[in-house]
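The notes follow in the order I checked things.

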Amino acid sequence: MIIGAFGQIGSELVVELRNIYGNENVFATDIKEPYEDMKKQGPWAVLDVLDTKRLVHYVIRHKITQIYHLAAVLSGNAEKIPIQAWHINMESLMNILDLAKEVPEINKIFWPSSIAVFGPTTPRQKTPQLTVTEPNTVYGISKLAGERWIEYYNQKYGLDIRSIRYPGLISYKTEPGGGTTDYAVEIFYEAIKNGSYECFLSENSYLPMQFMDDAIKATVTLMQTDKSKLSIQSSYNVGGISFSPKEIYEEIKIHLPEFKISYKPDFRQAIADSWPASIDDTVAQKDWGLKNVYDIKKLTEVMLRGVSEKFGKK
Ligand code: AKB
C-alpha cells in the first residue's frame with residue numbers, strides 16, 4: 001500500500017513497485033484522484049491518511065503487508081501553516097505505526113525522512129550520519145520526531161520500519177509542491193516554457209540533491225535488504241550530488257544558451273541556509289549498497305529532454 005501515491009515520489013515509486021511485484025499487488029492511495037493511466041494500471045483509492053477508519057478498512061480488505069507512507073506537508077508550505085503541518089505529518093505517521101503494531105500481517109513500513117532533520121548547528125559539509133540535529137523548521141522538527149518514533153517502534157515493538165533522509169529530489173514526471181529544493185525542478189520547467197527563471201534562493205546556495213531514478217532505486221534497495229545488514233533503525237543519510245542555483249543554471253545554459261536567470265530569495269532562503277550543503281552517505285553505501293548514477297550533467301540532459309517532451313517541444 002502506498003499512501004501519497006500520486007505525489008512526486010509516489011507516482012514513480014508505484015510504477016517501479018508494480019514492475020517488481022505485479023500491478024494487482026500494489027494498492028495506490030492518495031488524497032487526490034490519480035491520472036487516468038494510473039487508474040487503469042492497478043488498484044487505487046482516494047484516502048485521507050488522517051481518516052483512521054478508512055485506513056484500517058483498506059489495510060484489512062486488501063490484506064496489506066507493507067506500507068509506504070509518503071504523504072507530508074513539505075518545508076516551505078509547513079512554515080505557512082505550522083500547527084496544521086505538524087498535525088498532518090505526525091498524526092499520519094503515528095496512526096500507521098500504531099496500526100502496524102496491532103496488525104501482525106504488516107511486516108514492513110517505509111517512511112521518508114529528509115535532510116531537514118539537520119539545522120543551523122549541524123556541520124554543513126559532508127554532514128555525517130550521526131551528528132547534531134537541531135532543526136529550526138516545522139517540517140524538520142516533524143521529520144526528526146518521526147525518526148525518533150520509528151526507532152522507538154522498531155526497538156520496543158520489534159517492527160521493521162525503514163527510512164531515508166532524502167535530499168532535494170529532481171524529476172519531471174510529477175512536480176514537487178511546497179519544498180525548499182523545488183527550485184531545482186522549477187528551473188527546468190521555466191527554462192523550457194519561458195526561457196527565464198526567477199530563483200527563490202540565492203546563486204550560491206548549495207544543497208544536496210538526487211535524481212528521482214536514483215532515489216527510487218535507493219528506496220527499493222533499502223526495502224529489499226536483509227534486516228540483519230541494517231545498522232540504522234531511524235533513517236539513513238542519502239546524499240547524491242550537491243550543487244547551487246548558479247551551477248545548475250550554467251549546466252542548462254550549455255543546452256539553452258539564451259536561458260536567463262535572476263535571483264530573488266524569499267523566506268525559503270533561511271531554510272536552505274539551515275540545511276547541509278552536502279551529505280556523507282557512507283553508512284548507506286556500506287549497509288545496503290547505495291549507489292547514485294546521475295551527476296549534474298546527466299540529470300540536466302534527462303530533465304531537459306523529459307520536460308521538453310511534456311510540453312511537446314523537440
Ligand atoms: C523540501 O524541500 O521540503 C523537501 C525535502 C528536502 O525534504 N524536498
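Which domains does the shell around the ligand draw at least three residues from? I looked this up in the model, which is a predicted one. I found that domain 1 (2–168 + 211–237) and domain 2 (171–208 + 240–278 + 293–310) each give at least three residues to that shell.

Next I listed the surroundings. I noted Leu74, Ser75, Ser114, Ile115 and Tyr139 around the ligand, along with Gly179, Thr180, Thr181 and Trp275. I sorted the shell by type and got 4 nonpolar residues, 5 polar ones and no charged ones.

Then I checked polar atoms against the ligand's oxygen atoms. For Ser114, I read 2.7 Å between an N or O atom of the side chain and a ligand oxygen. For Tyr139, a polar side-chain atom is 2.7 Å from an oxygen atom of the ligand. For Thr180, I found a polar backbone atom 2.7 Å from a ligand oxygen. I also looked up the cover: of the 250 Å² of accessible area that the ligand has on its own, the protein covers 93%.

I asked what kind of space holds the ligand, and found that it sits in the largest pocket.

Last, I turned to cavities. I counted 1 cavity of 30 Å³ or more in the structure. The largest cavity has a volume of about 40 Å³. I wrote down its lining as His69, Ala71, Ala72, Asn89, Met90, Trp111, Ser142 and Lys143.

Technical notes. Residues numbered from 1 in each chain as written. Predicted model: local features only at pLDDT ≥ 70, side-chain atom pairs only at ≥ 80, totals over all residues. Heavy atoms only, no water. Near = heavy atom within 4 Å. Polar contact = N/O pair within 3.5 Å; in protein donor to acceptor, adjacent residues only side chain to side chain. Areas by Shrake-Rupley, 256 points an atom, 1.4 Å probe, with all protein chains shown as cover. 1 Å grid on protein atoms, 1.4 Å probe; cavity = no way out; pocket = protein on both sides within 12 Å on 5 of 7 lines; lining within 4 Å. Sits in = over half its atoms within 2 Å of the grid points. Nonpolar A, V, L, I, M, F, W, Y, C, P; charged D, E, K, R; others polar. Domains from an automatic or database assignment. Points joined across faces, edges and corners; volume = space filled by probe spheres on them.
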